[in-house]
Amino acid sequence: MPKPATPTPLSLELTSPQSVNGQRAAFQSLWLLVRMKHAHDAEGGLVRLADLRGEVSDASTLRMVVSRAFRDFKAWNIEVGWGEDTQREPRFLNAERRSQGPFWLPAAEAKRVRMLVGGRAATASEVASFLGLRSRRARAAEPGSPPPPDAVHLQDAAFWKQLVASQQAARQGRLMAPVAGGSATGSSASALESIRLAGTLAATDFQRALVTLNEAMLWRRLGDNEQARRRLQALKKQRLAHHVAGNDYLGAMECIVSAWCAYTARDLPLAQSLLAGMGEDAARALVLRHHPDVRFEWCNLWALVCRSRALGLSADDKQTAAALAEESLQRFGEALAAAFESHSFDAAQHVAANMGMAAWLFDRVGLSDLPALAHDGHADTTRRAVQWIAFSEWLCGHADGQGRSAWNAIYLMRIARGQCRPEKQPTLAQFRTQKPLDPAAISRLAGPLADAFDAAHWPARWVDVAQARLADHQAGRRRYPGLQHCSLLFEHAWYAAHAGDLKAAEQSLGSLREALPQLVPSDRAYFTESWNDTLPAELVLEAKPPRRPAARKKAVPRPG
């Protein structure tokens, strides 16, 4: 069998007059190719339009420069890609969107590029000098040096405005799908669209790194760990390649988002190891101590990991489970304090809901004798849990137009049916005799916080509460990640069946069955177990859920 042909090297002479394989080359086209090679090796791969401005072009000539460069690339027989997805083959990309960037080299093509100075291999500093990067980065690398004189420009305001638009869209739940009829530049753009637009406006290493971090956080919230980890790897390269302003903060958040990815994959030891490592690193420990946003993220995630471990151990090692549960509640309290220290109602509503659900779950598995819950009986623990979740919902409704959290509705629907103790696979008649708490009863438990449940967002029946949120998801007004979407589908199916609407229940169970493969095995097991054990036998037989794995650990309700 013949060996595959060795890729032909492409020799780029950087000294004037610039050339490619001995033939004269346009400086701008060569500069873009060298910049992509540099990005591939050191920065995560992407070269954005902002990288070209002020170096080889201005805004008015960008399209012409890009068009000329791609004609030259074709003549040089090198494939160059564009767009955010660096895994696609360039030949399949839409050429009409090429001028928008960002640009990148496929790995095989990057290996062909050889950069020369006077016929010898160029050094890293010579490549940086050719690209105009050396002097700026050298100044930034000096300990204690002030920012370069051109670190702040008036046009930076457009970048920060777009970053805020992305963060606001994320708070409102518009993570990926925009509002119907919206545009990428309008106020209805999704968080992902807005952060990518911010990337085209980023003019400094810090701004570019901040975009990469926010992209990673968005992909993590969307449940796409693979994409999140790619962006985290790009962020690491950006931080290591340059002395980026805010590097300690970026490094701390990179670690926390990595821990979130591990938690989402239910790799609890890895998540806890990453978080523990932050406290052992001098620079990150300092950020953790003095930056309330970072401290909130760390404490909230540490508490969630402890909660999951406590629930998993509650049946076999009550003493260890109780210690973990107590630590979980303590860390949630610290996270709440950090959220208010940073004036972040969005952070506060997340941790308030987590704290309420933790108290209820601990009570369910026999961990209600914790010091934090010592004076609460079973009914009082349920009341306390509902009040924390109501407080979270109140924050959602009173914080600068912030979006409503799907978790609050999911948690309350679980609590409402939590007092039902049916026979395993009950008949439909048995199932419908169960008496879950209705929304009015939950509102009474909320006491002084009952005003959080306004009629516009909280109909009188749980099936309508679930249906309204699913309708938002289907219409694109919200984008619920996989675990939230599956949770809403299951709650809707349960309450629809309880109301006697088997057709609606079957439709939701059919959608749930299609969505389950995207979840990690432990989460799939939770829904399969709940499906088989709590829903009426007639519905289970009709809907045919996925086959239960042969062996698995006992699953417990988890909020994600």
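Colleague: Leaving aside its neighbours within four places in sequence, with which residues is Arg239 in contact?

Modeller: This is a predicted model. In it, Arg239 is in contact with Val244, Asn247, Leu250, Gly251, Glu254 and Arg284, once its neighbours within four places in sequence are set aside. Arg239 itself is found in helix α10, which covers residues 225-241.

Colleague: Which side chains make polar contacts with the side chain of Arg239?

Modeller: The side chain of Glu254 is joined to that of Arg239 by a polar contact of 2.9 Å. The side chain of Asn247 makes another with that of Arg239, at 3.3 Å.

Colleague: Is Arg239 buried or exposed?

Modeller: A residue is called buried under 20% relative accessible area. Arg239 has a relative accessibility of 11%, and therefore counts as buried.

Colleague: Let us turn to the sheet. In what order do its strands lie?

Modeller: The order is β3-β2-β1-β6-β7, in an open sheet of five strands with mixed pairing. An edge strand pairs on one side only, and here the edge strands are β3 (23-24) and β7 (120-121). Helix α1 (residues 27-42) packs on this sheet and touches β1 (10-13), β2 (19-20) and β6; its direction makes about 115° with that of β1.

Colleague: How does β6 pair with β1, and how with β7?

Modeller: β1 and β6 run parallel and are joined by four bridges; Leu12 stands opposite Met115 in β6. Strand β6 (residues 113-117) pairs with β7 in the antiparallel sense, over two bridges. On that side, Leu116 stands opposite Ala121, and Val117 opposite Arg120. The hairpin of β6 and β7 has two residues between the strands, and Gly118 there takes a positive phi near 65°.

Colleague: Why is β6 described as largely enclosed?

Modeller: Four of its five residues are buried, so β6 is largely enclosed by the rest of the structure. As a general idea, side chains in a regular strand alternate between the two faces of the sheet.

Colleague: Which residues of α21 are buried, and where do they fall around its axis?

Modeller: The buried residues are Trp462, Val463, Val465, Ala466, Arg469, Leu470 and His473. They fall within an arc of 160° seen down the axis, so they line one face of α21. Their cover includes α18 (406-418), α20 (439-446) and α22 (482-498). Gly476 follows α21, with a positive phi near 85°.

Conventions. Residues are numbered from 1 along each chain as its sequence is written. This is a predicted model: local features need pLDDT of at least 70, side-chain atom pairs count only at pLDDT 80 or more; totals for chains, interfaces and linings use all residues. Side-chain values use heavy atoms; hydrogens and water are left out. Buried means under 20% relative accessible area, exposed over 50%, partly exposed in between (1.4 Å probe, protein chains only). A polar contact is a pair of N or O atoms within 3.5 Å; within protein, one must be able to donate a hydrogen and the other to accept it, and residues adjacent in sequence count only if both atoms are side-chain atoms. Contact means heavy atoms within 4.5 Å. Two strands pair if DSSP finds at least two bridges between them. Axes are lines fitted to C-alpha atoms, for helices over the stretch in contact, and angles run from 0 to 180 degrees between N-to-C directions. The arc is that of the directions from the helix axis to the C-beta atoms.
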